[in-house]
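I opened the model to look up a few things and wrote down what I found. The entries are in the order I made them.

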Amino acid sequence: MQVTTLGQFIIERQGDFPYAKGELSRLLRDIGIAAKVVNREVNKAGLVDILGEYGTINIQGERVKKLDVYANEQFIAALSAGGETCAVASEENEGLVHINSIVSKNAKYVVCVDPLDGSSNIDVNVSIGTIFSIYRRTSFTGKVEEMDYLQRGTEQIAAGYVIYGSSTMLVYTTGKDVNGFTLDPSIGEFCLSHPNMKCPQEGTIYSINEGNYVHFPDGVKQFIKYCQVEDGPTSRPYSSRYIGSLVADFHRNLLKGGIFIYPSTLKSPQGKLRLLYECNPLALIIERAGGKASDGSRRILDIQPASLHQRTPLFIGSTNLVNLAEEMMLKYSPLAAH
Ligand code: P6P
């Protein structure tokens, strides 16, 4: 069977972009390279006895870094070397990371990245992920400013994620369709394994941390009760699945259908998840795959960001389930729904 690598696919699809001169193709290539480097270290995470705990000096005499710090450094290094982006906004950094090389200064793209989301799960061998998002910079001269990043999610040129799980996959969209690539370690290449991914309109999985139930908006409580009712014609009760790693929960629902909800809670009144680094990229992907993403009432991609690290509630997955959850938010939590 003919194998299409990520590199071949990116070049083949370059034609999707009018006036494309290859910058975006090279930028996506750079992200793929960083993902392979991070994957190598993530797969060794279980060997801390050999490699050493964070903060110690390993047998090579190097200081062992936390994997999310390591991942952040790898993505920034790959994007800097590639020269196709002039700055990176990382979930790991308070401010923008300016890339000041001669080539990058005139680059036309800016990148948002959550280098290793769910990293608290590494020690228990649960799948974790990288989430990325690419925008065209809006300023034309001088240093990139925060304003270059405070764009609605609809302005994303591309968005994707890497899931480091039983296999390592890179899933991305450049606005048309969603394609998934599985890393073949024997050749060190991401190979097209899931062309034109679609999220089932109907889903029978709901994914939410019910430990926060007491503080959920009433609309969310009503939706959970709906999922738990015995009803044959609508295949209820639905299955509750919560991994606690956003990329893993999202990826399962993208493939099988379902809804993931991280609503406002007492501890996170604006929701826990970040608009720029997590919600916007996943919202672009789910919409291009036929699903839906909102904050319980507003489309995620339409939210005008006010700050880099802004948080938002997130309802994302199969369109019918997100619509139903929004209806319940409107009916039972009208204030929270606006
Ligand atoms: P909670 C991981 O820490 C993370 O950022 C996401 O990957 C995940 O969906 C969420 O937090 C889990 O949060 O409050 O349920 O532990």
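The notes below go from the ground rules to the sheet, the helices, the ligand and some loops.

**Ground rules.** I am working with a predicted model, where local features need pLDDT of at least 70, side-chain atom pairs count only at pLDDT 80 or more, and totals for chains, interfaces and linings use all residues. Residues are numbered from 1 along each chain as its sequence is written, and side-chain values use heavy atoms, with hydrogens and water left out.

**The sheet.** I took helices (H or I, at least four residues) and strands (E, at least two) as DSSP runs, numbered from the N terminus. Two strands pair if DSSP finds at least two bridges between them. In what order do the eight strands of the open sheet come? I read β2-β1-β3-β4-β5-β6-β7-β8, with mixed pairing. β2 (97-98) and β8 (189-194) are at the edges with a single partner strand each, so one side of each has no neighbour in the sheet.

I then followed β3. It pairs with β1 in the parallel sense over four bridges, and Thr85 stands opposite Tyr109 in β3. With β4 the pairing is antiparallel, over seven bridges; there, Asp117 has Gly129 of β4 as its bridge partner. Is β3 buried or exposed? I found nine of its nine residues buried, so β3 is largely enclosed by the rest of the structure. Buried means under 20% relative accessible area, exposed over 50%, and partly exposed in between (1.4 Å probe, protein chains only).

Further along, β6 (residues 168-173) and β7 (residues 178-184) run antiparallel and are joined by five bridges. Leu170 has Phe181 in β7 as its bridge partner.

**Helices.** I checked α8 (residues 275-288), which lies across β1, β3, β4, β5, β6 and β7, at about 85° to β4. Axes are lines fitted to C-alpha atoms, for helices over the stretch in contact, and angles run from 0 to 180 degrees between N-to-C directions. Contact means heavy atoms within 4.5 Å. In α6 (residues 218-228), the buried residues are Gly219, Val220, Lys221, Phe223, Ile224 and Cys227. Their cover includes β9, β11, β13 and α9.

**The ligand.** I listed residues with a heavy atom within 4 Å of the ligand; among them are Asp117, Asn209, Tyr242, Leu246 and Lys272. Next I looked for polar contacts, meaning pairs of N or O atoms within 3.5 Å; within protein, one must be able to donate a hydrogen and the other to accept it, and residues adjacent in sequence count only if both atoms are side-chain atoms. A polar side-chain atom of Asp117 is 2.5 Å from a ligand oxygen. For an N or O atom in the side chain of Asn209 the distance to a ligand oxygen is 2.9 Å, and for a polar backbone atom of Leu246 it is 2.8 Å. Taken alone the ligand exposes 400 Å², and the protein buries 78% of that.

**Loops.** Where is Asp295? I found Asp295 in the loop between β12 and β13, buried at a relative accessible area of 8%. Its side chain reaches the backbone nitrogen of Ser297 at 2.9 Å, and a polar atom of that side chain lies 2.6 Å from the backbone nitrogen of Arg298.

Asn125, in the loop between β3 and β4, has a positive phi of about 60° although it is not a glycine. Asn125 is exposed, at 74% relative accessibility. Last, I noted a cis peptide bond between Arg236 and Pro237, with omega about 5°. Pro237 lies in the loop between α6 and β10.

Key. Areas by Shrake-Rupley, 256 points an atom, 1.4 Å probe, with all protein chains shown as cover.
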